[in-house]
Amino acid sequence: MAENYDVIVLGSGPGGYVAAIRAAQLGLKTAIVERENLGGICLNWGCIPTKALLRSAEIYHYMQHAADYGLAAEKISADIEAVVKRSRGVASQLNKGVTGLMKKNKIAVHMGDGKLTGKGKLSVTKDGNTQELSAKHIIIATGARARDLPKLKADGKRVWTYRHAMTPPEMPTKLLVIGSGAIGIEFASFYNDMGADVTVVEMMDRIVPVEDADVSAFLEKALKKQGMTIHTGAKIDKIEADDKGVRATITGKDGKAVDGEFSHVVVAIGIVPNVENIGLEDVGIEPDQRYHIKTDAYGRTNVDGFWAIGDVTAPPWLAHKASHEGVIVAEAIEQALGNGDVHPHAMDARNIPGCTYCHPQIASVGLTEAKAKEAGYEVKVGMFPFIGNGKAIALGEAEGFTKTVFDAKTGELLGAHMIGAEVTEMIQGYTIGKTLETTEAELMHTVFPHPTISESMHESVLAAYGRALHI
Ligand SMILES: Cc1cc2nc3c(=O)[nH]c(=O)nc-3n(C[C@H](O)[C@H](O)[C@H](O)COP(=O)(O)OP(=O)(O)OC[C@H]3O[C@@H](n4cnc5c(N)ncnc54)[C@H](O)[C@@H]3O)c2cc1C
């Protein structure tokens, strides 16, 4: 007989495990199904282990620049194996943490390959044994995986996806990174700081193309200053790899082809949703053209009783977006089961912040200046450079700026864009403001602590209205 639940969550990434916890908190009998590691990509192969790697690179960078702070650090070296070991240890600690959370919340964990087999039905297969489960509601949170180059599949030797780049067989000497989204740029930054010679190739006309154009331009300049080679508006015409390395022909925006030889390549050209072999067609769920599952703002699919969240659905493909959707869906299910005291709030994609932990870091929320204009807003824009901020100078981190975009008519904060030290920790200030539909007047009336780099957030708002104090 099938084991019966109120809710089954398929996939235990930050979307799935958070949905399961919220469902359990609401008193629903909940199960989660996972085929690999509890915590999904984020904890095991994404957000967290990359930040551990980047932290090692950051400390290495500071050690190399010790003299700038009046200190001496001699005979400095990096041991990539030890750096990776620390990162894997951090991932393992968090994986154990999720295991503990499942236990604490009395969520049944079923390890194995999950497949939808009918309305309210799901099978879990492990080592040839299949178990049937049933539930009133099923949440699909199967996430996504790295996209391969059409003609060169990553094999972990010379051609890497993020998984290989996170557990490299050796330190690359000359690294080609294809794609300059968050994942590509973070690995480019890590390996550059660790001493590799890094080349980035981006098809669009600027790096980190989803960010504000001023941020892209500033980052490109900063990374080139650090020694990276960057080709934008460029494509890879030919690429081949063997035991000795990788050879690629890169055609730049001027139409000129350049042949390059590299020790390794990281392919970071996007993700592919995990929609195959999970029984979607058997229950009538249709993915969109890019094979992501379509949902409404509460996570409902086109078939009653099936919900979807996280990377398997629409962008942005971020862990906090997946987790937030997990909470919304669990609450919407509880409401559908008849609890009128629960009021889920629909997701508003304009208020989801994005962070990239390269060096210098970037962080943003809301509309870029160009997108705001495209949307028909008349805008007021403020810019404040970190060189005008006392704390940034004291830290030796005066490279960066804060940019804010306002609706000139109403003063509503439309977007905020930051590049520089600690900006990934600061963007949440603007995110709260945006979620509360703040205006320039409220931000101007807010007192910012001194000395902090966050004062640049205040100054940027003042600058949009011609009132900046320290520039
Ligand atoms: C290198 C890298 C760095 C990143 N850094 C950040 C960052 O700094 N910040 C950020 O917000 N985001 C980051 N991301 C993105 C983030 O990891 C994802 O947005 C997030 O993990 C999506 O969560 P999810 O729950 O939708 O799916 P996932 O985390 O992908 O989890 C899905 C889970 O479902 C399981 N699964 C799939 N199919 C089945 C099946 N049939 N049966 C059983 N289990 C199944 C998978 O094994 C997986 O564990 C990064 C991603 C990568 C690759």
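Mentor: Let us begin with a definition: a residue is near a molecule if one of its heavy atoms lies within 4 Å of it. Helices are DSSP runs of at least four residues, numbered from the N terminus. Please keep in mind that this is a predicted model.

Trainee: Which helix supplies the largest share of the shell around the ligand?

Mentor: Several elements each supply at least two residues of that shell, among them helix 1 (14-25), strand 2 (30-34), helix 3 (47-64) and helix 9 (319-336). Helix 2 (40-45) also belongs to that group. The largest share, four residues, comes from helix 2.

Trainee: How many residues of the shell around the ligand are charged?

Mentor: The ligand has 39 residues around it, and those that come nearest are Glu 34, Lys 51, Gly 114, Asp 311 and Ala 319. By class, the shell has 18 nonpolar and 15 polar residues, and the charged ones number six.

Trainee: What percentage of the ligand's exposed area does the protein bury?

Mentor: The reference is the ligand taken alone, which exposes 1,000 Å². Of that area, the protein buries 94%.

Trainee: In which sense do strand 1 and strand 6 pair?

Mentor: Strand 1 covers residues 3-10 and strand 6 covers residues 129-140, with seven bridges between them. Within strand 6, His 137 stands opposite Val 7. The sense of the pairing is parallel.

Trainee: Which residue in the turn between strand 5 and strand 6 has a positive phi?

Mentor: Strand 5 (residues 121-126) runs antiparallel to strand 6, and six bridges join them. Ser 123 has Glu 132 as its bridge partner in strand 6. The two strands form a hairpin with two residues between them, and the turn residue with a positive phi of about 50 degrees is Asp 127.

Trainee: Which residue in strand 17 stands opposite Ile 140?

Mentor: Strand 6 also pairs with strand 17 (residues 306-308), in the parallel sense and over three bridges. In strand 17, the residue opposite Ile 140 is Ala 308.

Terms used: Residues numbered from 1 in each chain as written. Predicted model: local features only at pLDDT ≥ 70, side-chain atom pairs only at ≥ 80, totals over all residues. Heavy atoms only, no water. Areas by Shrake-Rupley, 256 points an atom, 1.4 Å probe, with all protein chains shown as cover. Nonpolar A, V, L, I, M, F, W, Y, C, P; charged D, E, K, R; others polar. Pairing = 2+ DSSP bridges.
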